[in-house]
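Please look over the sequence and the structure before reading on. The briefing below goes through them topic by topic.

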Amino acid sequence: MKALLIGEYKNGHIDESFYELVGFANKIGADSFGFAVAPLDVNIEYAGKVYIADVSKAKEYNPKVHKDLILKLIEQENPDIVVFSHSSYGWDLAPRLAAALKVAQISEIIDVDNDEYIVPFCNAKLRRKVKPNTQKAVLTLQSGAFSPVKSNTAQIEPLDYIEQDDNLEFQGFEITEKTGVDLTKAEVIVSAGRGVGKKENIEIVRNLAKALKGELGASRPVVDAGWLDPSYQVGTTGQTVAPKLYIACGISGAIQHLAGMKKSNFIVAINKDKDAPIAEVADVFVVADLLEFVPVLTSKL
């Protein structure tokens, strides 16, 4: 199998998500090569060939231009799969490419089982295995699902860009101003999940955070329920954190949440379900009712 890995150029460098695509390709045993719109002298830590279209001409994003460049490369190299990160770039470009090629698209892949791709559904509560029924396929990978792989400097191959008359113009990025809690700088985070049961029980988790002189965090279901402000959310649609200590209270461990906190130095998880996925990343896994356990722990501290 041959895989084309689509990198993203952001803030002056190739985004780290590209190396997760490399990890995915290695896991499925695919021969891979890369593509990105970036400066021709960009540094990429990848043991292979990467085609680069000059960002000064093709711009950091233009869906038509980038799609046409990838189509040109597909015609030249004939890969079996084209792999994007499940990011705003991938969300926009992958379906355009799949439609142009008239091939299957599989989004938000979190794992692979033989030749089947595992994707979440029902708000990530369940997982299913899917397989494309076309010879080629366009894939997007959930952030954090595959371990990144880096190696030597890539072999850069310029990809010619022909100027086109186009009614789209890239004008730049606007960075959203951060409001509320900045969890990225916290050394201790105690997060509340759906397992707290109701809004009033958030205070139990907050008290533990105070006892540890840490910050309160939350999983997406807690924020969606309106129990806490979105600024408390940890995960791919919230904040990505790496504290010295992360305590997950009543959080099952959907891949979106794990991607946002699995780089924490030490992880403690408290959950009634002994089979909760978060146990896979926890250094200490407490099988208990958090409403009983957390107040006792807080009082001891």
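What follows describes a predicted model, starting with its aromatic rings and ending with distances between residues.

**Aromatic rings**

- The model has six aromatic pairs.
- One of these pairs is formed by F24 and Y117, whose ring centres are 6.3 Å apart and whose planes make an angle of 35°.
- F24 has 0% relative accessibility, so F24 counts as buried. Y117 has 6% relative accessibility and therefore also counts as buried, since the cut-off for buried is under 20%.
- F18, Y19 and Y46 make up one aromatic cluster.

**Charges over rings**

- K150 is placed over the face of Y19, 4.9 Å from the centre of the ring. Y19 is also a member of the aromatic cluster with F18 and Y46.
- R128 has its charged end over the ring of F121, and the distance to the ring centre is 5.2 Å.

- Helix 1 is mostly covered, with nine of its eleven residues buried.
- The buried residues are S17, F18, Y19, E20, L21, V22, G23, F24 and A25.

- K59 is not a glycine, yet K59 has a positive phi of about 70°. K59 is located in the loop between helix 2 (55-58) and helix 3 (63-77).
- K59 counts as partly exposed because its relative accessibility is 39%, a value between the cut-offs of 20% for buried and 50% for exposed.
- N78 is not a glycine either, and its phi is positive at about 55°. The loop that holds N78 runs between helix 3 and strand 6 (81-85).

**The second largest pocket**

- The volume of the second largest pocket is about 240 Å³.
- Its lining consists of I110, D111, R127, G144, A145, G253, I255, L258, K262, P277, E280 and V281.
- Sorted by class, the lining has six nonpolar, two polar and four charged residues.
- Two domains contribute to this pocket: domain 1 (2-158) and domain 2 (183-299) each supply at least three of the lining residues.

**Loop residues and distances**

- Where is N114? N114 is in the loop between strand 8 (111-113) and strand 9. N114 is exposed because its relative accessible area is 70%, and the cut-off for exposed is over 50%.
- N114 and I28 are 86 residues apart in sequence, but their C-alpha atoms are 7.9 Å apart in space.
- P243 is in the loop between helix 6 (220-224) and strand 15 (245-249). With 1% relative accessibility, P243 counts as buried.
- From P243 to K262 the C-alpha distance is 9.7 Å, and the two are 19 residues apart in sequence. K262 is one of the residues that line the second largest pocket.
- E45 sits in the loop between strand 4 (31-38) and strand 5 (49-54). Its relative accessibility is 30%, so E45 counts as partly exposed.
- E45 and E108 are 63 residues apart along the sequence, and 24 Å separates their C-alpha atoms.
- K102 is found in the loop between helix 4 (88-101) and strand 7 (104-109). Is K102 buried or exposed? K102 is exposed, as its relative accessible area is 73%.
- K102 and K57 are 45 residues apart along the chain, with 28 Å between their C-alpha atoms.

Conventions: Residues are numbered from 1 along each chain as its sequence is written. This is a predicted model: local features need pLDDT of at least 70, side-chain atom pairs count only at pLDDT 80 or more; totals for chains, interfaces and linings use all residues. Side-chain values use heavy atoms; hydrogens and water are left out. Rings of Phe, Tyr and Trp (its six-membered ring) pair if their centres lie within 6.5 Å; planes under 30 degrees apart count as stacked, over 60 as edge-to-face and the rest as tilted. Buried means under 20% relative accessible area, exposed over 50%, partly exposed in between (1.4 Å probe, protein chains only). A charge sits over a ring if NZ of Lys or CZ of Arg is within 6 Å of the ring centre and within 35 degrees of the ring normal. Helices (H or I, at least four residues) and strands (E, at least two) are DSSP runs, numbered from the N terminus. On a 1 Å grid over the protein atoms alone, a cavity is a set of points where a 1.4 Å probe fits but cannot get out, and a pocket is an open set with protein on both sides within 12 Å along at least five of seven lines; lining residues have an atom within 4 Å of a point. Grid points are joined across faces, edges and corners, and a volume is the space filled by probe spheres set on the points. Ala, Val, Leu, Ile, Met, Phe, Trp, Tyr, Cys and Pro count as nonpolar, Asp, Glu, Lys and Arg as charged, and the others, Gly among them, as polar. Domain bounds come from an automatic or database domain assignment.
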